[in-house]
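Trainee: Hi! Could you walk me through this one?
Mentor: Happy to, here it is.

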Amino acid sequence: MKTKIIPFKDKYINHFRDLNSTWIKEYFHLEAKDKEILENCKKSIIDKGGHIFFAEYDGQIAGCFAFINLNDTVYELGKMAVAPKFHGLKIGQNLLQFAIGFAEDQLWEKIILYSSTKLDTALHIYRKLGFKEVPLEKDLPYTRSDVKMELKLN
């Protein structure tokens with residue numbers, strides 16, 4: 001099976017919420033910022049100049065990620081998730097490779113992301129595809145974030 005990356009459509013809103021709620025609850029807990037974004041992803045991300053993409057595998061929505069607009073040339077990669085039944089199929093890696101290509105096509109300067117040292121597999125994939133750790137600022141929207149990474153583009 002090949003992973004197909006597809007753009008946001010209203011009919012996928014519940015997939016975005018459910019995919020992210022599942023992994024966040026497995027490792028952490030839903031925070032206020034999570035609830036704000038997951039309950040209204042269109043308003044919180046799309047309407048503010050961001051993007052959401054989904055991974056389709058064997059006709060099913062298997063994963064997703066979002067680009068949150070920080071400014072014209074810097075976007076935050078966030079809310080990346082893969083459904084547990086699709087783990088081990090390199091869907092997360094496919095999503096991340098697509099994300100990097102999309103950002104390069106948009107001529108963005110860089111992608112940033114926040115993660116946690118509890119998420120070994122995710123950190124491994126980020127490093128493998130060129131993300132570097134940078135200092136973490138204070139007053140983050142998520143208490144679980146203890147790693148900040150960036151990928152400089154173009």
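Mentor: One term before we start: contact means heavy atoms within 4.5 Å. This is a predicted model, where local features need pLDDT of at least 70, side-chain atom pairs count only at pLDDT 80 or more, and totals for chains, interfaces and linings use all residues. Residues are numbered from 1 along each chain as its sequence is written, and side-chain values use heavy atoms, with hydrogens and water left out.

Trainee: Thanks! Which residues of helix 5 are buried?
Mentor: In helix 5 (residues 120-128), Leu123, Ile125 and Tyr126 are the buried ones. Buried means under 20% relative accessible area, exposed over 50%, and partly exposed in between, with a 1.4 Å probe and protein chains only. Helices (H or I, at least four residues) and strands (E, at least two) are DSSP runs, numbered from the N terminus.

Trainee: Where do they sit around the axis?
Mentor: On the same side of helix 5, because they cover an arc of only 160 degrees around the axis. That arc is taken from the directions from the helix axis to the C-beta atoms.

Trainee: And what covers them?
Mentor: The cover over the buried residues of helix 5 includes strand 4, helix 4 (91-105), strand 5 (110-115) and strand 7. On the other side of helix 5, Asp120, Thr121 and His124 are exposed.

Trainee: What follows helix 5?
Mentor: Gly130 does, with a positive phi near 105 degrees.

Trainee: Switching topic: how many salt bridges are there?
Mentor: The count comes to 10, taking a salt bridge as a side-chain nitrogen of Lys or Arg within 4 Å of a carboxyl oxygen of Asp or Glu. One of them joins Arg144 to Glu31, with the closest N and O atoms 3.5 Å apart. Arg144 lies in the loop between strand 6 (132-134) and strand 7 (147-152), and Glu31 in the loop between helix 1 (13-27) and helix 2 (32-39), so the pair ties together parts 113 residues apart in sequence.

Trainee: Is that Arg144 buried or exposed?
Mentor: Arg144 is buried, at 12% relative accessibility, and Glu31 is buried too, at 9%.

Trainee: What does Lys79 pair with?
Mentor: Lys79 forms a salt bridge with Asp34, the closest N and O atoms being 2.6 Å apart. Lys79 is in strand 4 (residues 74-82) and Asp34 in helix 2, 45 residues apart. Both Lys79 and Asp34 are buried.

Trainee: Which residues are linked in a network of salt bridges?
Mentor: Glu31, Asp34, Lys79 and Arg144 are.

Trainee: And what about Lys152 and Glu150?
Mentor: Their side chains meet in a salt bridge at 3.9 Å, N to O. Lys152 is exposed, at 63% relative accessible area, whereas Glu150 is buried at 13%.
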